Amino acid sequence: MGELKNCKKCGRMFSAENGQLFCSKCRTNDEDDFKVVREYIYDNPNSTVHDVHEATEVSEEKILKFLRQGRLILKGEGVGLECERCGKSINTGRFCDKCAHELKSGFQQAFGGEEKKEAPASNAKKGAGMHIKKY
Ligand SMILES: [Zn+2]
Ligand SMILES: [Zn+2]
């Protein structure tokens, strides 16, 4: 049996059990949702955002937020998350690899559009020296 209280967060009347302060709606906070979503993705890594939403009842917006924060990764293609810069489908974070790289190196300030350049020879060298040196 619960006692009628006003939710501390939204003010809605609800039946409180064990001294609960928040209504059932406010009680499911981000962290709880995150755990549910994380667990579902752990078992179903190839799901889309929509699948996860249907299965967990966590809003797609919130799932997208977790993905953008890089806290969750969906393994499939076209999961419902897009690069904020070019709109390409991505699995986690805010930008696709290409945009993330370009933003990092400050390309977007130097070039407005797509600039195709041959990769400089130094790129090949970098790949070749992947072993770890101990000094
Ligand atoms: Zn509430
Ligand atoms: Zn992009």
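Read from one end of the sequence to the other, the protein runs β-β-α-α-α-α-β-β-α-α-α. That gives seven helices and four strands to keep in mind as you look around this predicted model.

Strand β1 covers residues 3-6 and strand β2 covers residues 13-16, and the two are joined by four bridges in the antiparallel sense. If you want a landmark in this pairing, find Asn-6, which sits opposite Met-13 of β2.

Now let us move on to the interior. Of the protein's 135 residues, 13% count as buried. In soluble globular proteins, nonpolar side chains tend to be buried together. Here, the largest nonpolar core holds 13 residues, and Val-37, Ile-63, Leu-67 and Leu-72 are the ones with the most contacts inside it. Three helices, α2 (30-43), α3 (49-56) and α4 (60-68), each bring at least two residues to this core. The biggest contribution is from α4, which provides three.

Setting aside neighbours within four places in sequence, you will find Leu-67 in contact with Leu-72, Leu-74, Leu-81 and Thr-92.

Finally, step back to the whole chain and its contacts. Among contacts in the protein with a separation of 6 or more, 27% are between residues 24 or more positions apart.

Terms used:
Residues are numbered from 1 along each chain as its sequence is written. Chains are lettered from A and ligands numbered from 1 in the order in which they are written. This is a predicted model: local features need pLDDT of at least 70, side-chain atom pairs count only at pLDDT 80 or more; totals for chains, interfaces and linings use all residues. Two strands pair if DSSP finds at least two bridges between them. A residue is buried if 20 or more other C-beta atoms lie within 10 Å of its own, exposed if 12 or fewer, and partly exposed in between; C-beta atoms are placed from the backbone. Two residues are in contact if their C-beta atoms, placed from the backbone, lie within 7 Å. A nonpolar core is a set of buried Ala, Val, Leu, Ile, Met, Phe, Trp, Tyr and Cys residues joined through C-beta atoms within 7 Å.
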